[in-house]
Protein chains: 2
Amino acid sequence: MINKANDGLSTRIYEDIKQKIELFEFKPGDRISETTLASLYEVSRTPIKHSLTRLENEELIVVKPQIGTFVSKIDTKHVHEFFTIRMLLEVAILDEVKENLSQKTLTDLQNNVSAQEQLLVDAETNEDIDVSRVFWKLDNSFHKTIFRAVKKEFIWEFILSQSSQFNRFRVISASNDIDYLRTKVGEHRQIMEYIMGEVDVNPKESYQTHLFGQLDSNIDHLKEKYPDYFL
Amino acid sequence: MINKANDGLSTRIYEDIKQKIELFEFKPGDRISETTLASLYEVSRTPIKHSLTRLENEELIVVKPQIGTFVSKIDTKHVHEFFTIRMLLEVAILDEVKENLSQKTLTDLQNNVSAQEQLLVDAETNEDIDVSRVFWKLDNSFHKTIFRAVKKEFIWEFILSQSSQFNRFRVISASNDIDYLRTKVGEHRQIMEYIMGEVDVNPKESYQTHLFGQLDSNIDHLKEKYPDYFL
DNA sequence: AACTTTTTACTGGTATACAAGTTTCTTACT
DNA sequence: AGTAAGAAACTTGTATACCAGTAAAAAGTT
């Protein structure tokens with residue numbers, strides 16, 4: 001293998017494998033041996049092992065010595081916990097956002113939510129658009145805007161850095177269940193209206209009631225549909 | 001989120017190096033080459049590299065290809081951000097704790113805070129006791145109790161798993177500044193009294209005011225004392 | 001046929017040799 | 001002495017060979 005002055009042969013491989021896992025090209029439970037990957041990428045086992053170590057730390061794979069390396073199954077308990085932490089952090093800053101609401105933040109949020117709602121309408125009549133991909137891009141932007149409004153983007157960055165496990169869950173959720181997206185959009189509108197002072201009820205309550213209920217029923221539904229993907 | 005991993009050679013080495021870094025046996029900025037470590041532990045570079053990869057993911061070391069491997073300097077921005085997230089999560093559940101306060105939780109917290117306050121008294125008259133070590137053990141127990149009270153221990157476990165960077169800061173803080181500990185104990189009593197309903201003021205406000213101020217002045221003080229340890 | 005033993009192929013863990021880039025010291029020249 | 005070119009001593013990155021343990025297929029035994 002030619003060495004092309006890279007600071008990142010193993011980094012590129014790491015990112016590629018990670019993407020394959022998150023897009024279910026490598027499915028939960030799949031065996032991915034070091035030698036197989038080495039011949040796939042036409043490198044030796046060394047950079048592969050380096051990549052796998054990082055993926056193991058993110059719990060996207062499980063290495064069983066002398067037995068094999070496997071794509072980890074999705075731990076729904078972890079998904080639920082991640083979701084809880086993410087919710088707590090966001091709700092925790094909402095009042096601060098409300099107090100420091102700038103015009104720019106407001107229009108950003110309004111435009112974003114409008115785009116989300118329009119996407120749902122378009123999805124009804126047009127099968128072609130990649131609803132999932134577009135939605136999660138808007139979703140990411142929505143939440144980042146909120147944290148940026150109080151100069152705490154780092155919290156959102158932190159959440160993203162911990163979301164490897166959740167990402168897979170998100171992919172199979174959104175791609176098949178438009179009702180799930182509808183609930184998320186409703187949630188976003190609710191958050192925005194709370195920030196704008198149009199409603200007084202703290203979103204934390206509704207999170208805890210029907211939104212977590214929605215998450216749990218979604219988990220149950222996906223467990224039936226893809227029983228092999230879950231722990 | 002904690003990686004249990006295999007209890008193998010490289011895992012033991014990983015934990016040993018990690019401890020050496022957190023206890024400043026390997027100081028921020030120190031060069032720790034793979035070959036040096038290999039001869040130190042009397043193994044080859046392979047398991048060393050495996051360990052270093054994991055430490056690199058936790059940002060406890062920085063690897064510069066073809067140049068060297070260095071113990072990372074403490075990023076005070078990260079410490080501040082970590083502290084913010086930790087505070088937000090804890091404050092976010094306080095009201096829930098207050099509503100579901102059990103007798104056991106209450107006595108656990110009271111005993112814990114009493115032990116902390118007694119420790120401060122003892123520290124005045126007895127130079128021998130390892131104040132730092134005892135305090136942080138009590139501190140850990142205090143916070144874990146709070147999260148357990150609402151069946152959310154996983155949040156505290158999550159916080160701990162992200163605390164590598166913060167741990168080093170904690171070590172040099174506590175070992176030299178009893179005033180810092182005094183503030184922390186006061187903070188703990190305040191949290192407990194809020195949960196007990198004895199005071200109505202939400203601890204979030206006091207966090208934001210003098211406790212974060214205390215943190216910042218502590219950072220400044222440590223930066224003067226150990227200029228080489230910080231970024 | 002059913003059970004036990006042995007072989008074989010595969011796995012990740014480790015040690016080692018070499019490649020490629022950086023730094024530092026040495027050497028040669030002015 | 002001062003400067004610049006060059007050799008030598010580092011560094012981590014990668015490839016490869018071998019080790020130890022697992023598991024399943026193959027062979028032997030009853």
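In this structure, 17 residues of chain B are in contact with 16 residues of chain A, where contact means that the C-beta atoms of two residues, placed from the backbone, lie within 7 Å. The model is a predicted one, in which local features need pLDDT of at least 70 and side-chain atom pairs count only at pLDDT 80 or more, while totals for chains, interfaces and linings use all residues. Residues are numbered from 1 along each chain as its sequence is written, and chains are lettered from A and ligands numbered from 1 in the order in which they are written.

**The side of chain B that touches chain A**

- H3, helix H4 (76-99) and helix H7 (153-161) of chain B each supply at least two residues of this side; helices (H or I, at least four residues) and strands (E, at least two) are DSSP runs, numbered from the N terminus.
- H4(B) gives the most to the side of chain B that touches chain A, with six residues.
- By class, this side of chain B has nine nonpolar, six polar and two charged residues, where Ala, Val, Leu, Ile, Met, Phe, Trp, Tyr, Cys and Pro count as nonpolar, Asp, Glu, Lys and Arg as charged, and the others, Gly among them, as polar.

**Chain A overall**

- Chain A has 10 helices and two strands, and their order along the sequence is α-α-α-β-β-α-α-α-α-α-α-α.
- Taken along the principal axes, the C-alpha atoms of chain A fill a box of roughly 60 × 45 × 35 Å.
- Of the 231 residues of chain A, 27% count as buried; a residue is buried if 20 or more other C-beta atoms lie within 10 Å of its own, exposed if 12 or fewer, and partly exposed in between, with C-beta atoms placed from the backbone.
- Among the contacts in chain A between residues at least 6 apart in sequence, 73% join residues at least 24 apart.

**The largest nonpolar core**

- The largest nonpolar core has 48 residues, of which A:Ile85, A:Leu89, B:Ile85, B:Leu89 and B:Ile155 touch the most other members; such a core is a set of buried Ala, Val, Leu, Ile, Met, Phe, Trp, Tyr and Cys residues joined through C-beta atoms within 7 Å.
- Helix H9 (residues 178-196) of chain A gives the most to this core, with seven residues.
- Leaving out residues up to four places away in sequence, B:Ile155 touches A:Ile85, B:Leu89 and B:Phe147.

**Helix packing in chain B**

- Helix H2 (residues 34-41) and helix H3 (residues 45-57) of chain B pack at an angle of about 115°, with their axes 9 Å apart; axes are lines fitted to C-alpha atoms, for helices over the stretch in contact, and angles run from 0 to 180 degrees between N-to-C directions.
- H2(B) and H3(B) are therefore roughly perpendicular to each other, given that angles under 35 degrees count as roughly parallel, over 145 as roughly antiparallel, 65 to 115 as roughly perpendicular and the rest as oblique.
- The contact is made by B:Glu34, B:Thr35, B:Leu37 and B:Ala38 of H2(B) and by B:Arg45, B:Ile48, B:Lys49 and B:Leu52 of H3(B), and by class it has four nonpolar, one polar and three charged residues.
- The axes of H4(B) and helix H10 (residues 203-225) of chain B come within 11 Å and cross at roughly 160°, which makes H4(B) roughly antiparallel to H10(B).
- On the H4(B) side, this contact is made by B:Thr76, B:His80, B:Phe83, B:Met87, B:Val91 and B:Leu94, and on the H10(B) side by B:Pro203, B:Lys204, B:Tyr207, B:Leu215 and B:Ile219.
- The residues of the contact of H4(B) with H10(B) divide into eight nonpolar, two polar and one charged.

**Individual residues**

- A:Lys151 has a positive phi of about 55° although it is not a glycine; A:Lys151 is placed in the loop between helix H6 (131-149) and helix H7 (153-161) of chain A, and with 9 C-beta neighbours inside 10 Å it counts as exposed.
- B:Phe24, likewise not a glycine, has a positive phi of about 65°; B:Phe24 is found in the loop between helix H1 (9-22) and H2 of chain B, and counts as partly exposed with 16 C-beta neighbours inside 10 Å.
- As background to these values, most residues other than glycine have a negative phi.
- A:Gln190 lies in helix H9 of chain A and counts as partly exposed, with 18 C-beta neighbours inside 10 Å.
- Not counting residues up to four places away in sequence, A:Gln190 touches A:Pro203 and A:Ser206.
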